[in-house]
Amino acid sequence: MRVVRVEHLSKIYGHRFNRVAALNDLSFGIDAGEFVGIMGPSGAGKSTLLNLLATIDTPTSGSVWVAGAELATMSESAMAAYRREQLGFIFQEFNLLPDLTVADNITLPQTFVPPRPKDLDARLAHIADTLGLTRLLGRYPDQLSAGQRQRVTAARAVLGKPSLILADEPTGSLDSMAATELLQYLTKLNLEEDVTILMVTHDAFTASFCNRIIFIRDGAYFAEVTRRGSRQQFFNSIIDMEATINGGGRHRAAVDRT
Ligand SMILES: Nc1ncnc2c1ncn2[C@@H]1O[C@H](COP(=O)(O)OP(=O)(O)O)[C@@H](O)[C@H]1O
Ligand SMILES: [Mg+2]
């Protein structure tokens, strides 16, 4: 089953003589259960793509389908329900509320709209256990390490059983040990909670935890690499593709200068 379908997606910023095509006729799909990375040089359109999937922004043309529904056709209230029920967010800034405990931070999105789900406490206990947070549930965010805070964000993202988790550079502010640990937990969520993950990253090591990487450049689909063997082999293929995507740009720049 397709969880995400992006069709001929374009996003133009500015107008008249100052137009930037942040996305330019981008198409791809993601199947249920995949852990997909989006990579590409700075300015390739990665954040723009995430914003369109997250309904923070709307496309200039083309369409986005998530869990069988086309975003552009949704009413305001359907959109709000879509964000609450189908999406989970793991962004680099942790966005945890400092005055709430870990437990309350995790359950907050599910308690916005009454009634409080009946199985919420059981679900919280289960997810906290999965992410190694059980003993931290009563703490406050400033009593946690950066890695622990990002795990709380992951717990919050997955609690409501979303179809899709959107992650934007989730390891960006973590040291390499905390980053590795978080990525192992995300892999666990992907497998055990059966949640599809789309993660934007510029880092090949982070990307190597995915099953597939879609490379974009200049707002358009460039290539993709699918994991077949070990994570090390996948990492090497990602590095090779990065060299190709950057090498092409450098070569062209050199030609332009002559
Ligand atoms: N709000 C905006 N207004 C004008 N241009 C924008 C805006 N957001 C992004 N852009 C431009 O669109 C392109 C893609 O940006 P972005 O999606 O942030 O790329 P990435 O996240 O891959 O670095 C860039 O050229 C950027 O300058
Ligand atoms: Mg960006």
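Trainee: Are E193 and R123 buried or exposed?

Mentor: This is a predicted model. In it, E193 is buried, and R123 is buried too. Buried here means under 20% relative accessible area.

Trainee: What do E193 and R123 form, and how far apart are the closest N and O atoms?

Mentor: They form a salt bridge, with the closest N and O atoms 2.9 Å apart. E193 sits in the loop between α6 and β8, and R123 in helix α4, so the pair ties together parts 70 residues apart in sequence.

Trainee: Which residues of α4 are buried?

Mentor: L120, R123, L124, I127, A128 and T130. They span an arc of only 155 degrees around the axis, which puts them on the same side of α4. A122 and D129, on the other side, are exposed.

Trainee: What covers the buried residues of α4?

Mentor: The cover includes α3, α5 and α6. After α4 comes G132, with a positive phi near 65 degrees.

Trainee: How many salt bridges does a search of the whole structure find?

Mentor: Nine. One of them joins E224 and R212, at 3.2 Å between the closest N and O atoms. E224 is in strand β10 and R212 in strand β9. Salt bridges with shared partners join E34, R212 and E224 into one network.

Trainee: Where is empty space left?

Mentor: Rolling a probe the size of a water molecule over the atoms shows that. Here, the largest pocket has a volume of about 430 Å³.

Trainee: Which residues lie nearest the centre of the largest pocket?

Mentor: R83, F89, P109, F112 and R156, out of 19 lining residues. By class, the lining has 10 nonpolar, five polar and four charged residues. α2, β6, α3 and α5 each supply at least two.

Note on methods:
Residues are numbered from 1 along each chain as its sequence is written. Chains are lettered from A and ligands numbered from 1 in the order in which they are written. This is a predicted model: local features need pLDDT of at least 70, side-chain atom pairs count only at pLDDT 80 or more; totals for chains, interfaces and linings use all residues. Side-chain values use heavy atoms; hydrogens and water are left out. Buried means under 20% relative accessible area, exposed over 50%, partly exposed in between (1.4 Å probe, protein chains only). Helices (H or I, at least four residues) and strands (E, at least two) are DSSP runs, numbered from the N terminus. The arc is that of the directions from the helix axis to the C-beta atoms. Contact means heavy atoms within 4.5 Å. On a 1 Å grid over the protein atoms alone, a cavity is a set of points where a 1.4 Å probe fits but cannot get out, and a pocket is an open set with protein on both sides within 12 Å along at least five of seven lines; lining residues have an atom within 4 Å of a point. Grid points are joined across faces, edges and corners, and a volume is the space filled by probe spheres set on the points. Ala, Val, Leu, Ile, Met, Phe, Trp, Tyr, Cys and Pro count as nonpolar, Asp, Glu, Lys and Arg as charged, and the others, Gly among them, as polar. A salt bridge is a side-chain nitrogen of Lys or Arg within 4 Å of a carboxyl oxygen of Asp or Glu.
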